Amino acid sequence: MKRPVTILSLATATPPHELSQEAALQTSRTLLAAQFRDFERMSAVFANAGIAFRQLARPAEWYLQPQGFPERTAVYLEVALDLFVAAASAALAEARIDADAIDTIVTVSSTGIATPGLEARAMGRMGFRSDVERVPVFGLGCAGGVSGLSLAAKLARVSPGSTVLFVTVELCSLALRTDDVSKADIISAALFGDGAAACVVRVGDEGFAEITCNAETTWPDTLDIMGWNMEPNGLGVVLNRAIPAFARRNMAEAMEKMLGGQNLRIGDIDRFICHPGGAKVVDAMETALSLNQGSLDHEREVLRLHGNMSAPTVLFVLDRVRAQEMPPLSVLTALGPGFTASAVTLRRAA
């Protein structure tokens, strides 16, 4: 009998600069209103986002000054590395292992460019072995927390005895666009924050959850729903306001298909642990998955306290769920560029 891949530990980290939603609105008004004449009409999105606070790579004043791609990249390399080290160190401490016990590092980030990758830059600070395998992944967006964990589990499964560290870091605030402002920029300014999360996974039964299966669904002709445009000042957000409606229409069929390969149905799952892309997305997921209204309570609380941090956000939710007690059978799921739904099935470890 094959031994399961389990999650030994989970840790999260956020940068120190906290911004209230009221302050985010005022900062956005200062930056964006002159470039977008319907700003005041659109500003209701700040009140309706379900967000009270978010944490940012830099103080609000930094975003009020013009920042080019080199300046944004410099901040990414500094702050993303600090968050990588903080989350990874905490995950290793919880797992009670040293950095030199890690055989493979999977790093997921889509909000900045680091070559060499963050894991290479962290080696000297953390003490990883010189022969550690590095797997940096770019482009997964909000689905990266689930897809990255899935990849880490696969790598652990094909090399029993190896220990895999998965880290995801996103600094969404660095993509704030202040020229050629669109509706997507207003929405993203109301939604996104910065954060990181890390997990240690390994074949064995000592973790808090078994990763039993993974699945993805990518819908055709949906490349324009979510992603980045490369622009003179860096990454420019592509974000379709129709995402909640799309999820409401399509997520049930996609989830049934993904679970079908495991001989499971939606009704068999004790808890869906969802990426809270926004308040309307959380509502849409409850409707699509036939959940009681308000049942995605941890999702709403993570959104309230941190905003949408892209890939790490769903792992913040998982951390809250396991603090209460892992359900017997759960599905970790997120939507991201592609347009893609990613899912990982979790069983509570014995």
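Helices, here and below, are DSSP runs of H or I with at least four residues, and strands are runs of E with at least two, both numbered from the N terminus; by this assignment Asp185 belongs to helix α8. The model is predicted, and local features are therefore given only at pLDDT of at least 70 and side-chain atom pairs only at pLDDT 80 or more, whereas totals for chains, interfaces and linings use all residues. Residue numbers start from 1 along each chain as its sequence is written, and side-chain values rest on heavy atoms, with hydrogens and water left out.

**View 1. Packing of helix α1 against helix α8.** Helix α1 (residues 21-32) packs against helix α8 (residues 183-191) at an angle of about 150°, with the two axes 9 Å apart; axes are lines fitted to C-alpha atoms, for helices over the stretch in contact, and angles run from 0 to 180 degrees between N-to-C directions. The two helices α1 and α8 are therefore roughly antiparallel, where angles over 145 degrees count as roughly antiparallel, under 35 as roughly parallel, 65 to 115 as roughly perpendicular and the rest as oblique. The crossing of α1 and α8 is right-handed, a term used when the near helix is turned clockwise from the far one by less than a right angle, anticlockwise being left-handed. From α1 the contact (heavy atoms within 4.5 Å) involves Gln21, Ser28 and Leu32, and from α8 Asp185, Ile186, Ala189 and Ala190.

View 2. Asp185 has a relative accessible area of 1% and is buried, buried being under 20% relative accessible area, exposed over 50% and partly exposed in between, with a 1.4 Å probe and protein chains only. When neighbours within four places in sequence are left aside, Asp185 is in contact with Leu32, Arg177, Asp180 and Val237.

**View 3. Phe39 in helix α2 (residues 39-42).** Phe39 is buried, with a relative accessible area of 1%. Leaving aside neighbours within four places in sequence, the contacts of Phe39 include Ser28 and Leu32, as well as Ile186. The C-alpha atom of Phe39 is separated by 9.8 Å from that of Val181, which is 142 residues apart from Phe39 along the chain.

**View 4. Gly236 in strand β10 (residues 234-239).** Gly236 is buried, at 0% relative accessibility. Not counting residues up to four places away in sequence, Gly236 touches Arg177, Gly227, Trp228, Asn229 and Glu231. Between the C-alpha atoms of Gly236 and Ala175, 61 residues apart along the chain, the separation is 6.1 Å.

**View 5. The aromatic pair of Trp219 and Phe246.** Four aromatic pairs are found in a search of the whole structure; rings of Phe, Tyr and Trp (its six-membered ring) pair if their centres lie within 6.5 Å, and planes under 30 degrees apart count as stacked, over 60 as edge-to-face and the rest as tilted. The ring centres of Trp219 and Phe246 are 5.0 Å apart and their planes stand at 90°, so this pair is edge-to-face. Trp219 lies in the loop between β8 (209-218) and β9 (226-231) and Phe246 in helix α9 (residues 243-260), so the pair ties together parts that are 27 residues apart in sequence. Trp219 is buried at 13% relative accessible area, and Phe246 is buried at 11%. Ring pairs link Trp219 and Phe246 with Phe339 into a cluster.
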